[in-house]
Structures are given as structure tokens and as C-alpha cells.
Amino acid sequence: MEVPERATDSGTVTMRQEAGSEGAGHSPEASKGEKHEGPHAGADRDRGRRRGPRRAAGRAVTVDDAVARALAIGPDSSAAERTIDITTLGARTGIPRRVEVWFHRVDGRWYITGVPGPRSWYANLRAHPRFTVHLKHGVTADLPATAMPVDEPTRRRVITAVLDLQNRPENAARVPRQNLDDWLAGSPLVEIVFDDEQRRTASPAQSR
């Protein structure tokens, strides 16, 4: 069941409920301001004792919860969880261009990079740093952001972390082993800085 899109301060967010389990890449959610709760516990029958307010067994799920969960990627996140779309403006034409990419989280910040070589999305972001991140794992959200350049120490730290993940044995069958020196020399890399200040860094509690 789909809920109509809802405008928020940080972009357009659509909560969606889909069939399937968490492992399938989606989980039921509720739209902002609405509660998604499990069944209530039975009434408190304990006589002679004063009790506080009864709580629902489940916890309310908000748009912010769902977006935070989608952004809280880590080393054990699946390929689906790492996959986003981005919409950039063409470097020469200014026409919006949407493309699917992987994003990465290192030290509580988010980055987009890729194998060495020219990338149209990177050329677009250098010319027009404003762009939109489209989340699509469990929650559909359009988050306005700015692409920020990184310094050399950050570049080395981020790319090293990305390759440590990409060169894991379990990924060898589908991703050829990558060379760190090649990536440092020729890979595109930008930091994603979200307009929403609360999303600009991830707290340790969000780490996986």
C-alpha cells in the first residue's frame, strides 16, 4: 500500500509498505506523524499497585526513523542498502540527469566514489554541486544535498575504507580486486552534505 508523497523540510519522503521480509530489502513503514505499532499488551490486572501509563509493545516509526535507518549503512550492509539514485544537473546542458550509484559511510559521513576514470555524474557535480539523493531501500526519500570536495588525507582514508570492503573475499566473485594506488590516482570522490543539518553526520548509535 502506498501513501501519497509528503513534503518535509529536507525533501520529499514517501513511506511505503511492501510485501516481503527485512532481508528482501524493504520493511513496512508508516508516514510521518502516524504510528506503526505492534499489538498492545493485555490490560494491567495487578490490583493494589499504581502503574504509570501503559505503553504499546511496538515503537512508533517516523519518516526520520526510516530515513536514518536507510542512511545508517556499514560494512555489513547489503548491495541494495548501499544503492541510491542521484539527480545532477548536466555540466554543459543544465538538464537533470538521474543515475544509480553506490554510496559509502566512513567516520559518520557519506561519500560517492567509483572505479578510476571519468564519470559524467562527477563532471556534473563539479560544475553544479547542488544535487538530490534518492533513497530507495525501505523508504523512498528525495534529500537535497551539496557535493563537497575532499582533501588528500580524507581521500586516502575514504578510498582505503571503500576498497577494504570491496576487496573482501565474499565480493571477489562479482567485483574484481581493485588497486589502491589506481583509485587514489583516478577515482572520483565527493562528500555528500545534506541540507538537513541533523543528517550531516551519523551518531555512533546509528553505526552497524
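Me: Why is E191 called buried?

Reply: The relative accessible area of E191 is 11%. Buried means under 20% relative accessible area, exposed means over 50%, and partly exposed lies in between (1.4 Å probe, protein chains only). With 11%, E191 therefore falls in the buried class. The structure is a predicted model, in which local features need pLDDT of at least 70 and side-chain atom pairs count only at pLDDT 80 or more, whereas totals for chains, interfaces and linings use all residues. Residues are numbered from 1 along each chain as its sequence is written, and side-chain values use heavy atoms, with hydrogens and water left out.

Me: What makes the pair E191 and R109 a salt bridge?

Reply: The term requires a side-chain nitrogen of Lys or Arg within 4 Å of a carboxyl oxygen of Asp or Glu. For E191 and R109 the N to O distance is 3.1 Å. The partners belong to distant parts of the chain, with E191 in strand 9 (residues 189-194) and R109 in strand 6, 82 residues apart. R109 counts as partly exposed, since its relative accessibility is 35%.

Me: What makes D107 and R157 a link between distant parts of the chain?

Reply: The side chains of D107 and R157 meet in a salt bridge of 2.8 Å, N to O. D107 sits in the loop between strand 5 (104-106) and strand 6 (109-113), R157 sits in helix 4, and the two are 50 residues apart. D107 is exposed because its relative accessible area is 59%, and R157 is partly exposed at 39%. By the same rule, the salt bridges number 7.

Me: Why is N167 counted as buried, and where does it lie?

Reply: N167 has 18% relative accessibility and therefore counts as buried. N167 is placed in the loop between helix 4 (152-166) and helix 5 (180-186).

Me: What does N167 touch?

Reply: Contact means heavy atoms within 4.5 Å. Residues up to four places away in sequence aside, N167 touches P176, R177 and Q178. A polar atom of the N167 side chain lies 2.9 Å from the backbone nitrogen of Q178.

Me: Which residues touch the most other members of the largest nonpolar core?

Reply: A nonpolar core is a set of buried Ala, Val, Leu, Ile, Met, Phe, Trp, Tyr and Cys residues joined through side-chain atoms within 4.5 Å. In the largest one, which has 25 residues, F131, V133, L135 and I192 touch the most other members. Two or more residues come from each of helix 1 (63-71), strand 3 (83-89), strand 6, helix 3 (120-127), strand 7, strand 8 and strand 9. A second, separate core holds 9 residues, including V158, V162, W183 and L189. Beyond four places in sequence, the contacts of F131 include I86, I112, L125, L143 and I192.

Me: What makes A147 count as buried?

Reply: A147, in strand 8, has a relative accessible area of 7% and is therefore buried. The C-alpha atoms of A147 and L125 are 6.4 Å apart, although these residues are 22 apart in sequence. Among the residues that A147 touches beyond four places in sequence are L125, P129 and E191.

Me: How many helices and strands does the protein chain have, and how much of the chain is buried?

Reply: The protein chain has 5 helices and 9 strands, in the order β-β-α-α-β-β-β-β-α-β-β-α-α-β from the N terminus. Of its 208 residues, 38% count as buried. Among contacts between residues at least 6 apart in sequence, 64% join residues at least 24 apart.

How values were computed
Helix = DSSP H or I, 4+ residues; strand = E, 2+ residues; numbered from the N terminus. Polar contact = N/O pair within 3.5 Å; in protein donor to acceptor, adjacent residues only side chain to side chain.
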